[in-house]
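Please look through the sequence and the structure shown below before reading on. The briefing that follows is meant to be read beside them, one topic at a time.

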Amino acid sequence: MAFPFPFLPILLLLFPSIPLSESKLSVDYYKTSCPQFQNIIRDTVTNKQITSPTTAAATLRLFFHDCMVEGCDASVLVSSNAFNKAERDADINLNLPGDAFDVVVRAKTALELSCPKIVSCSDILAQVTRDLVIMVGGPFYTVRLGRKDGLISKASRAEESLPRTNMTMDQMIDLFKLRGFTTRELVALMGGHTIGFSHCKEFADRLYHFSKSTPVDPDFNPKYASALKTFCANYTKDPTMSAFNDVLTPSKFDNMYYQNLPRGLGLLTIDSVLVKDPRTKPFAVLYAKDQSVFFTDFSRAMEKLSVLDIKTGRKGEVRNRCDQFNSIKT
């Protein structure tokens with residue numbers, strides 16, 4: 001059989017591990033169809049981050065929650081309707097910050113005015129995440145474009161696909177392995193906790209109910225635990241109460257998160273375990289010592305995450321609105 005493109009067999013032999021969907025992506029995907037794409041995204045991100053400084057952390061978290069469920073297809077942005085309980089309404093996603101959804105909506109609105117029905121919501125989410133990470137001091141990484149928006153969004157799939165703050169390291173490693181990530185990549189992605197916050201209820205058991213004989217987790221720095229107990233005292237009455245993941249440089253993307261861990265300043269159970277488990281400790285120690293290594297590994301891991309189970313061609317669509325499918329899904 002003759003190939004219509006004579007070099008295609010050679011390319012397939014040279015790059016057999018690249019999924020066909022990924023091969024359709026490119027950095028300049030919108031160069032002709034939406035030439036103002038990069039400028040619109042940049043302006044939207046800048047304005048939003050300046051007015052709401054938690055946007056970067058919020059969007060990084062939203063992007064991760066999207067990609068780990070059904071792949072990076074903006075399924076987390078879809079609202080529930082009478083026929084379907086969508087991902088964003090899964091219990092594990094109820095605390096996703098509104099600023100992250102808002103920056104995507106703002107970008108989509110501006111892009112629809114400039115180039116209607118061209119840019120997917122999944123590409124917008126991927127691009128704003130990268131630009132926001134850079135804006136707060138994080139590393140550059142390449143974002144290839146051309147994703148289509150997913151056609152499925154179900155709360156049940158989010159519950160079974162996302163990591164929990166109280167998971168054991170065995171559970172975390174297994175979960176990430178299922179998605180194709182190594183232990184080193186897991187530790188690098190955990191570095192996203194260098195910005196942002198967690199709600200008190202997510203670590204309350206470490207403060208008040210660790211064990212019958214020891215209410216406070218002994219892995220906590222005592223002064224830090226005392227301050228958190230005071231701060232979170234009314235968390236049962238006010239579920240929105242939260243604390244910074246990185247207490248020392250909460251608004252700067254750096255390696256302070258890893259430096260905090262051996263000092264007992266890890267907020268979540270999974271944070272403190274990073275420097276205790278022999279499989280993850282070497283990487284956490286390395287990143288604490290060398291920020292450039294952390295940035296390199298984080299960039300590579302984010303590039304890998306950003307193309308996880310993407311949809312292209314007829315496997316997806318370009319939504320007119322990011323919060324709903326172009327036709328009702330039951």
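The points below go through helix packing, salt bridges, the nonpolar core and a few individual residues.

The structure is a predicted model. By the rule used here, it contains 17 salt bridges, and its largest nonpolar core has 94 residues.

**How helices H8 and H9 meet**

- Helix H8 covers residues 169-178 and helix H9 covers residues 183-190, and the axes of these two helices come within 9 Å and cross at roughly 105°.
- Angles from 65 to 115 degrees count as roughly perpendicular, and H8 and H9 are therefore roughly perpendicular to each other.
- On the H8 side the contact is made by Met169, Met172, Ile173 and Phe176, which meet Thr183, Leu186, Leu189 and Met190 of H9.
- The residues of this contact between H8 and H9 divide into seven nonpolar, one polar and no charged.

- Side chains of opposite charge can pair when their charged atoms come close.
- Arg157 forms a salt bridge with Glu70, and the closest N and O atoms of this pair are 2.6 Å apart.
- Arg157 belongs to helix H7 (residues 155-161), while Glu70 sits in the loop between helix H4 (55-67) and helix H5 (98-114), so the pair ties together parts that are 87 residues apart in sequence.
- Arg157 is partly exposed, with a relative accessible area of 29%, and Glu70 is also partly exposed, with a relative accessible area of 22%.
- Asp309 forms a salt bridge with Arg179, in which the closest N and O atoms are 3.2 Å apart.
- Because Asp309 lies in the segment after helix H15 (291-305) and Arg179 lies in the loop between H8 and H9, this pair ties together parts that are 130 residues apart in sequence.
- Lys304 forms a salt bridge with Glu185, with the closest N and O atoms 3.0 Å apart.
- This pair links distant parts of the chain, since Lys304 is in helix H15 and Glu185 is in helix H9, 119 residues apart.
- Lys304 counts as partly exposed at 31% relative accessibility, whereas Glu185 is buried, with a relative accessible area of 19%; the cut-off matters here, because buried means under 20% relative accessible area.
- Lys48, Asp99, Asp102 and Arg106 are linked in a network of salt bridges.

**The largest nonpolar core**

- Of the 94 residues in the largest nonpolar core, those that touch the most other members are Leu77, Leu111, Phe203, Phe253, Tyr258 and Leu305.
- The largest share of this core, eight residues, comes from H4.
- Tyr258 touches Val187, Ala188, Met190, Gly191, Ala284, Tyr287, Ala288 and Phe294, when residues up to four places away in sequence are not counted.
- Leu305 is located in helix H15, and it is buried, with a relative accessible area of 1%.
- With residues up to four places away in sequence left out, Leu305 touches Phe63, Phe64, Cys67, Met68, Cys72 and Phe181.
- The C-alpha atoms of Leu305 and Val78 are separated by 20 Å, and these two residues are 227 residues apart along the chain.

**Two residues with a positive phi**

- Most residues other than glycine have a negative phi.
- Glu70, although it is not a glycine, has a positive phi of about 70°, and its place is in the loop between H4 and H5.
- Asp309 likewise has a positive phi, of about 50°, although it is not a glycine, and its place is in the segment after H15.
- Asp309 counts as partly exposed at 39% relative accessibility.

**Arg147, a buried arginine**

- Arg147 has its place in the loop between helix H6 (121-135) and H7, and at 1% relative accessibility it counts as buried.
- Leaving out residues up to four places away in sequence, Arg147 touches Leu25, Cys72, Ser120, Ser122, Asp123, Ala126, Ser306, Val307, Ile310 and Lys311.
- The C-alpha atoms of Arg147 and Lys304 are separated by 14 Å, and the two residues are 157 residues apart along the chain.

Note on methods: Residues numbered from 1 in each chain as written. Predicted model: local features only at pLDDT ≥ 70, side-chain atom pairs only at ≥ 80, totals over all residues. Heavy atoms only, no water. Axes fitted to C-alpha atoms, helices over the stretch in contact; angles between N-to-C directions. Helix = DSSP H or I, 4+ residues; strand = E, 2+ residues; numbered from the N terminus. Parallel < 35°, antiparallel > 145°, perpendicular 65-115°, else oblique. Contact = heavy atoms within 4.5 Å. Nonpolar A, V, L, I, M, F, W, Y, C, P; charged D, E, K, R; others polar. Salt bridge = Lys/Arg side-chain N within 4 Å of Asp/Glu carboxyl O. Buried < 20%, exposed > 50% of the residue type's maximum accessible area, 1.4 Å probe, protein only. Core = buried A, V, L, I, M, F, W, Y, C linked by side-chain atoms within 4.5 Å.
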